[in-house]
Amino acid sequence: MILTLARVGTHPTVAFAASELARYLKMMDRTLFVQERVYDKKEESTSDAIWLGLDGSMPYSADHDGFCIALNGGKGSITAANERSVLIAVYRLLQALGCRFLFPGKSGEVVPARTLDAAVLTLHLEDRPSYRHRAICIEGAVGYEHVYNTIDWLPKVGMNGYFVQFKTPSVFFKRFYNQTENPYMPYSPVTDADIAHILGRLEEEIAKRSLDYHAMGHGWTCEPFGLDGNGWSQSDESAVPPEALPFLAELNGKRGLRGGVALNTNLCYSNREARRRMIDAVVAYCKEHKQVNFLHFWLADGSNNHCECAACAVARPSDFYVMLLNELDARLAAENISTRIVCLVYVDLLWAPEREKIQNPDRFVLMFAPITRTYSNAFAEFDVGERLSLPPYVRNQLTLPKSVAENMALLQTWQKEQLSGDSFDFDYHLMWDHDVDPGYMECARILHADMAGLYKLGLDGMVSCQLQRAAFPTGLPQYAMARALWDKSSSFEEIVREYFTAAFGDEGEAVRRYLDTLSALFDPPRVRGEREQNDGLVKENCRKARALVQAFRRERGLCYDDVNPSRRYLAYHADLVLSYADWHEALFGGGDEAAREAAKAALTETAYRIEPHVHEVFDVCLYKNTHFVRYMRRYRDV
């Protein structure tokens, strides 16, 4: 069959969409011949082609996605509200033809071999997403290919944005390239200059797909004052330039670095010069980085770390934050800069301002970041009628909210009093918490429910602060996230069936039951400290989990060289779960210190051994941090 693709215009994203459509169609049917034409506008006289591009039939919108596919017998059009949506539409057509993009990377793609004739290339579909913001934020330990895979995957599942934290995201790349602990992985260190080059290439990939580009966030409290703001590394006080010291927050009568970490150190925001330096830095950044659509303007990381001087103590941190936002907006307006600014509602800033008021709401996007929330309950389970007694704001003595209801009550004050318009959730389902759910099934359910219910909370989407490699044993959580962000009415059960059929064929239901059982046996709420400890039950569940894994591996014939990547990952995952069961039992089943150390060493060795084979989907660095730092600390608190 000869197929003609007629591209309207020369926009790079539309050109990429046409090349992607041709590439995948030829992967499906190797007898297919695809020829491409380029036109300035759609010509009605040429009706023997599939037209791709903006033909004017849909109102243009740079912000709001939507597309129309109208094909009949291999002829017709694929048009959209913007160039990015043309690319999204191409991938939707490919999905209708049987392709699936289960998780980032080539191993996550399912491209069926089939004959493509005119009758097959028939589809009429017009669609728009449920939410404006559908993005992923860089986190974890990453190499270039891991971030590229994520960016490449986003439009394939209908997502539209990518967020690069920091001016140069060195911390994430150095965790991967500069690690020396794993003897099974090659050591290939990179410098900040190398990472700046990598970032430039990744920005080209973001632009090629016309994705929303989110940038910065952390660093504004550091860089303008001569402090390194590209990570959470510790420094001694000698790292603070003497001229910067008066601008740092005063805690317990002293100005200096909070815990030796510049990024966790707030400023004296009542100091007009401190605010001016921050704003100068933001304005300069906007001038130099015009490709950024959403600039995140955050205060320091951490909590209970705000200045206690007499001038700062008269108002909440959020009052000074809104003061900064208003001053920044005025400067940007004077410079004729239209960049949208992301306003962060996070830790101490969850408590809304009492005095200040945002003057130009259209400049800002509200970002709700409930980092201390529980993932045992979804937003959808929030009872709007629940009566709460929220603790008052007490400077540097806050107990941050864990329940969904408490977080939502604090958000609603911001929405009612400050920003009721554009907004999104910035959440952490796939940052740490998924690693305490070895089956990923409960995690996936909560994540899908949260995304489906965002509209009830007055939030218009999600930027997922997550590991770029979070598809081990499956990519179901982020696949379900993407589906719910596009269609809030999507059925989780239907998504599960679709995913497991695409990944495992006739074995899909058996794999689903296996992973469901693993999720139940390891009981994530107990790891979170939300369920009473029960040594006997933990030991029994770990025994059942080991027996289940061994039986499943034997019955299903799992092997490390399986041609199906999803089955291959299950084989390596079985090794990890067996070691994790020993660690889990030693930690929560009443084991002594010697047992915990032995289990920790064994789990580390297993993770290191399998990493070369699964690094595309599994972040070992953050896995260790989750279990040996984050949840070990919670265990000790219990």
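**Helix packing, cores and local geometry**

In the predicted model, Arg-275, Met-278, Ile-279, Asp-280, Val-282, Val-283 and Cys-286 of helix α6 meet Met-323, Leu-324, Glu-327, Leu-328, Arg-331 and Leu-332 of helix α7. The two helices, α6 spanning residues 272-288 and α7 spanning residues 317-334, pack with their axes 10 Å apart and at an angle of about 45 degrees. The arrangement of α6 relative to α7 is therefore oblique. The crossing in which α6 passes α7 is right-handed.

On the α12 side, the contact is made by Ala-510, Val-511, Tyr-514, Thr-517, Leu-518, Leu-521 and Phe-522. On the α14 side, Asn-541, Cys-542, Lys-544, Ala-545, Leu-548, Val-549, Phe-552 and Arg-556 take part.

In soluble globular proteins, nonpolar side chains tend to be buried together. The largest nonpolar core in the model comprises 222 residues. Within this core, the residues with the most contacts are Leu-295, Phe-297, Phe-426, Tyr-428 and Phe-618. Helix α15 (residues 565-588) gives the most to the core, contributing 14 residues. Another core, of five residues, lies apart from the largest one and includes Ala-6, Val-8, Ala-49 and Trp-51. With neighbours within four places in sequence left aside, Leu-295 is in contact with Ala-215, Met-216, Trp-220, Val-282, Tyr-285, Cys-286, Thr-339, Arg-340, Ile-341 and Val-342. Of these partners, Val-282 and Cys-286 are also among the α6 residues that meet α7.

Two isoleucines in strands were examined individually. Ile-69 is found in strand β4 (residues 67-71) and is buried, with a relative accessible area of 1%. Leaving aside neighbours within four places in sequence, the contacts of Ile-69 are Ser-77, Ile-78, Ala-89, Arg-92, Leu-93, Leu-123, His-124 and Leu-125. Ile-2, in strand β1 (residues 2-8), is exposed, with a relative accessible area of 61%. The C-alpha atom of Ile-2 is separated by 6.2 Å from that of Leu-32, 30 residues apart along the chain. Beyond neighbours within four places in sequence, Ile-2 is in contact with Phe-33 and Gln-35.

A search of the whole structure finds zero disulfides. For Cys-443, the closest cysteine sulfur is that of Cys-465, at 14 Å; since a disulfide requires sulfur atoms within 2.5 Å, this separation is too far for a bond. Cys-443 counts as buried, at 10% relative accessibility, whereas Cys-559 is partly exposed, with a relative accessible area of 29%. Cys-443 is also one of the contacts of His-434, together with His-429, Tyr-440, Leu-467 and Ala-470, when neighbours within four places in sequence are left aside. His-434 lies in the loop between β17 (423-427) and α9 (441-452). At 1% relative accessibility, His-434 counts as buried.

Most residues other than glycine have a negative phi, and most peptide bonds are trans. A cis peptide bond joins Phe-472 and Pro-473, with omega at about 25 degrees. Pro-473 belongs to the loop between β18 (461-465) and α10 (476-486). Positive phi values in residues other than glycine include those of Asn-252, near 55 degrees, and Asn-336, near 60 degrees. Asn-252 is located in the loop between β12 (250-251) and β13 (254-255), and its relative accessible area of 73% makes Asn-252 exposed. Asn-336 is placed in the loop between α7 and β15 (340-346). With a relative accessible area of 71%, Asn-336 is likewise exposed.

Notes
Residues are numbered from 1 along each chain as its sequence is written. This is a predicted model: local features need pLDDT of at least 70, side-chain atom pairs count only at pLDDT 80 or more; totals for chains, interfaces and linings use all residues. Side-chain values use heavy atoms; hydrogens and water are left out. Helices (H or I, at least four residues) and strands (E, at least two) are DSSP runs, numbered from the N terminus. Buried means under 20% relative accessible area, exposed over 50%, partly exposed in between (1.4 Å probe, protein chains only). Contact means heavy atoms within 4.5 Å. A nonpolar core is a set of buried Ala, Val, Leu, Ile, Met, Phe, Trp, Tyr and Cys residues joined through side-chain atoms within 4.5 Å. Axes are lines fitted to C-alpha atoms, for helices over the stretch in contact, and angles run from 0 to 180 degrees between N-to-C directions. Angles under 35 degrees count as roughly parallel, over 145 as roughly antiparallel, 65 to 115 as roughly perpendicular and the rest as oblique. A crossing is left-handed if the near helix is turned anticlockwise from the far one by less than a right angle, and right-handed if clockwise.
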